[in-house]
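Okay, thanks for making time, everyone. I'll walk you through one structure today, from the overall layout down to a few contacts. Have a look at the screen.

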Amino acid sequence: MTDSTAIFYGLMGAGSSLIFSCAGAAFGTAKSQQQCKIESKSLNGFTESNSPPPTITGKTLIPVIIAGVLAIYGLIYSIIVLGSVSDPNYSVSQGYAQFVGGLVVGLCCLGSGIAVGIVGKIGIRGMKENTSSFTMMVLNLIYCEALGLYGLIFALIAASTF
């Protein structure tokens, strides 16, 4: 029979991975698209009173896509944890490991989302001045997203060890 404390910690790990990774993805999306809205108004020469909806080009959607992948990392880990919680031989050490893994992947994705938002905001501003800065923005976004991927890898190793 499975201890209810073990199930609680396992489900808390699944929940924390979803909550924190989605918060990081939301922050990264909002921050980078906030700059996109500002830049499209200044590029088109419109003021607040007569401004059309902002134009979003393909290059300015890259930070949004990368931020969305961070939420998928949390979802992947949560599905794996939810599948293992229903095992009849689920132990307390597995619950603790999956709780810590959920915190790690969630907080790594939160930090990564904050970094993606900042890099995306500055990168979109830089593309206005120099169009060749797009490559540097994409490279920096990949490095920022790697933080979330490293958290997912650690969480999967920690969850499968016990």
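**Four helices and what sits between them**

So, of the 162 residues in this protein, 38% count as buried. Keep in mind that this is a predicted model. For secondary structure we've got 4 helices and 0 strands, and reading along the sequence the pattern is α-α-α-α. If you take the contacts with a separation of 6 or more, 84% of them come from residues 24 or more positions apart.

Let's go to one helix pair. Helix α2, residues 62-85, packs with helix α4, residues 133-161, at an angle of about 5°, and the axes are 10 Å apart. That makes α2 roughly parallel to α4, because angles under 35 degrees count as roughly parallel. Who's touching whom? On the α2 side you'll find, among others, Ile62, Pro63, Ile66, Leu70, Tyr73 and Tyr77, and they meet α4 residues including Phe134, Met137, Leu141, Glu145, Gly148 and Leu152. The residues of this contact split into 17 nonpolar, 1 polar and 1 charged.

Okay, now the cores. The largest nonpolar core has 15 residues, and those touching the most other members are Leu70, Tyr73, Tyr77, Val81, Val105, Cys109 and Leu152. Which elements give two or more residues to this core? That would be α1 (4-44), α2, α3 (92-129) and α4. The biggest giver is α2, with 6 residues.

Leaving out residues up to four places away in sequence, Leu70 touches Ser21, Ala25, Cys109, Ser112, Gly113, Glu145 and Gly148. Apart from the largest core there's another one, of 9 residues, and Ile66, Val119, Met137 and Leu141 are among them.

Searching the whole structure turns up 3 aromatic pairs. One of them is Tyr9 with Tyr96, which is edge-to-face, at 4.8 Å centre to centre and 65° between the planes. Tyr9 is in helix α1 and Tyr96 is in helix α3, so this pair ties together parts that sit 87 residues apart in sequence.

Are those two tyrosines buried, partly exposed or exposed? Tyr9 has a relative accessible area of 25%, so it counts as partly exposed. Tyr96 is at 42% relative accessibility, and that's partly exposed as well. Both belong to one aromatic cluster, made up of Phe8, Tyr9, Tyr96 and Phe99.

That's what I had, so over to you for questions.

Key:
Residues numbered from 1 in each chain as written. Predicted model: local features only at pLDDT ≥ 70, side-chain atom pairs only at ≥ 80, totals over all residues. Heavy atoms only, no water. Axes fitted to C-alpha atoms, helices over the stretch in contact; angles between N-to-C directions. Parallel < 35°, antiparallel > 145°, perpendicular 65-115°, else oblique. Contact = heavy atoms within 4.5 Å. Nonpolar A, V, L, I, M, F, W, Y, C, P; charged D, E, K, R; others polar. Core = buried A, V, L, I, M, F, W, Y, C linked by side-chain atoms within 4.5 Å. Buried < 20%, exposed > 50% of the residue type's maximum accessible area, 1.4 Å probe, protein only. Phe/Tyr/Trp six-rings, centres within 6.5 Å; stacked < 30°, edge-to-face > 60°.
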